[in-house]
Amino acid sequence: MGYLDNSVVTVDAILTKKGRELLARGDGSFNPTQFALADDEIDYTLYNPSHPDGSAYYGEAIEAMPLLEAFPDENQIMKYKLTTLPRGTARLPILASVASISLKQGQSQAVTPETLNYLGGGNTTETNGYVFTIADASSISIHWSRN
């Protein structure tokens, strides 16, 4: 899906599997309520504040880069999602490391992460909660054993 102004693609969207199913129904049940933005194809190291032609040309190399066509491989896209932070935020919030957790079948354990640099202060828990997505299975290990 894209929005065209006859010269460039300004929005190139990929729907989730569920979104495609709802859109295909054609009964009005497709009503997007959430979306995410990313700029995976941008190399910000090309921003050049010492460009000899002045500040109007600092981002010239970035603006000249070709944009990638959207594609639905979740392992290849949306690695660098854009986010909105409160005005005046000086540091990017990050999650504190969660220690290794080992569970036996049937066991459970609550995980309470802390966000560092959140809202300009110390460690704070996000009041809206957290959602964990494990996009890279190589970052976890699962061992099955029968006792």
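Me: Which residues does His-51 touch, leaving aside residues up to four places away in sequence?
Reply: With those left out, His-51 touches Tyr-57, Tyr-58 and Glu-60; a contact means heavy atoms within 4.5 Å. Keep in mind that this is a predicted model, where local features need pLDDT of at least 70 and side-chain atom pairs count only at pLDDT 80 or more, while totals for chains, interfaces and linings use all residues. Residues are numbered from 1 along each chain as its sequence is written, and side-chain values use heavy atoms, with hydrogens and water left out.

Me: And which side chain does the side chain of His-51 make a polar contact with?
Reply: That's the side chain of Glu-60, at 3.1 Å. A polar contact is a pair of N or O atoms within 3.5 Å; within protein, one must be able to donate a hydrogen and the other to accept it, and residues adjacent in sequence count only if both atoms are side-chain atoms.

Me: Is His-51 buried or exposed?
Reply: His-51 is buried, with a relative accessible area of 18%. Buried means under 20%, exposed over 50%, and partly exposed in between, using a 1.4 Å probe and protein chains only.

Me: How much of the chain is buried?
Reply: Buried residues make up 7% of the 147 residues.

Me: OK, new topic. How many aromatic pairs are there?
Reply: One. The rings of Tyr-47 and Tyr-58 have centres 5.8 Å apart and planes at 85 degrees, so they are edge-to-face. Rings of Phe, Tyr and Trp (its six-membered ring) pair if their centres lie within 6.5 Å; planes under 30 degrees apart are stacked, over 60 edge-to-face, and the rest tilted.

Me: Where are those two tyrosines?
Reply: Both Tyr-47 and Tyr-58 lie in the loop between helix H1 (17-25) and helix H2 (60-63), so the pair ties together parts 11 residues apart in sequence. His-51 lies in the loop between H1 and H2 too. Tyr-47 is partly exposed at 46% relative accessible area, and Tyr-58 is partly exposed at 22%.

Me: What's the pattern along the sequence?
Reply: It reads β-β-α-α-β-β, with two helices and four strands. Helices (H or I, at least four residues) and strands (E, at least two) are DSSP runs, numbered from the N terminus.

Me: Last one: where is Phe-132?
Reply: Phe-132 sits in the segment after strand S4 (115-116). Phe-132 is exposed, with a relative accessible area of 52%.
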